Amino acid sequence: MDISKAERKQIENEMIFRRLNEKVGDDLGALDAMHIEDGNLHLIRDELLMLRFKCECSDENCDARIPLELNKYQKIHEDRDTFIVIVNHQVDPIEKVISVEDHYNIVKKNNSTAEPGSTLNQTSIDNS
Ligand SMILES: [Zn+2]
């Protein structure tokens, strides 16, 4: 199934946001390495450090933040098709919610693979 230009753009936006978030994690890792080198072990970040990640939804103007521990963020993103978005920021045609957390949703891309429509979900549509 082909995705529209608009949907392609939305997916690209999400990937850009995710890259920004991942860079934060990478930079912190580099900072840790520096502290170890300098013998400043007390400056190494807490594993449970709470960061405010950018919402990874497809709206390029979205400025929402999701407070999340870095190690949890990295765990979620071990799957390259998963993103974190603020509740209701998911876009139905391009992704589906696979997990609902306290203040954000974990979504998975529908169109990231070439598989032809094998993963369509059968959820009922609520038009109310
Ligand atoms: Zn958003």
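# Reading a predicted chain of helices and strands

Guide: Read along the sequence, the protein chain follows the pattern α-β-β-α-β-β-β, where helices (H or I, at least four residues) and strands (E, at least two) are DSSP runs numbered from the N terminus. That comes to two helices and five strands. This is a predicted model, in which local features need pLDDT of at least 70 and side-chain atom pairs count only at pLDDT 80 or more, while totals for chains, interfaces and linings use all residues. Residues are numbered from 1 along each chain as its sequence is written.

Visitor: What pLDDT does the protein chain average, and over which residues does pLDDT stay under 50?

Guide: The score is the predictor's confidence in each residue, from 0 to 100. Here the protein chain averages 85, and 84% of the residues score at least 70. Over residues 113–119 the value stays under 50, and for that stretch the model has three contacts beyond four places in sequence, a contact being two residues whose C-beta atoms, placed from the backbone, lie within 7 Å. Where pLDDT is low, the predicted coordinates should not be read in detail.

Visitor: How can the length of helix α1 be checked, and what should its residues span?

Guide: The expected span is 1.5 Å times one less than the number of residues. Helix α1 covers residues 5–38, so its 34 residues should span 50 Å, and the 49 Å between its end C-alpha atoms agrees with this. Just after α1, glycine 39 takes a positive phi of about 75°.

Visitor: Which residues of α1 are buried, and what do they pack against?

Guide: A residue is buried if 20 or more other C-beta atoms lie within 10 Å of its own, exposed if 12 or fewer, and partly exposed in between, with C-beta atoms placed from the backbone. An α-helix has 3.6 residues a turn, so residues three or four places apart point the same way. In α1 the buried residues are Gln10, Ile11, Glu14, Phe17 and Asn21, and they pack against β1 (50–54), α2 (70–76), β3 and β5. Arginine 18, also found in α1, is partly exposed because 18 other C-beta atoms lie within 10 Å. Leaving aside residues up to four places away in sequence, arginine 18 touches Glu56, His77 and Phe83. Over the protein chain, buried residues make up 19% of the 128 residues.

Visitor: Which residues make up the largest nonpolar core?

Guide: A nonpolar core is a set of buried Ala, Val, Leu, Ile, Met, Phe, Trp, Tyr and Cys residues joined through C-beta atoms within 7 Å. The largest one has ten residues: Phe53, Cys55, Cys57, Ile66, Leu68, Phe83, Ile84, Val85, Tyr104 and Val107. At least two residues of this core come from each of β2 (65–69), β3 (82–86) and β5 (104–109), and the largest share, three residues, is supplied by β3. Ile66 and Leu68 form the covered face of β2, whereas Arg65, Pro67 and Glu69 form the uncovered one. Cysteine 57, when residues up to four places away in sequence are not counted, touches Glu14, Cys62, Val85, Ile86, His89 and Gln90.

Visitor: In what order do three strands form an open sheet, and which strands stand at the edges?

Guide: Two strands pair if DSSP finds at least two bridges between them. In this sheet the order is β3-β5-β4, with antiparallel pairing. The strands β3 and β4 (95–100) stand at the edges with a single partner strand each, so one side of each is left without a neighbour in the sheet. Between β3 and β5 the antiparallel pairing runs over five bridges, and valine 85 stands opposite asparagine 105 in β5.

Visitor: Where does asparagine 88 lie, and is it buried or exposed?

Guide: Most residues other than glycine have a negative phi, and most peptide bonds are trans. Asparagine 88 has a positive phi of about 75° although it is not a glycine. It lies in the loop between β3 and β4, and it counts as exposed because 8 other C-beta atoms are within 10 Å.
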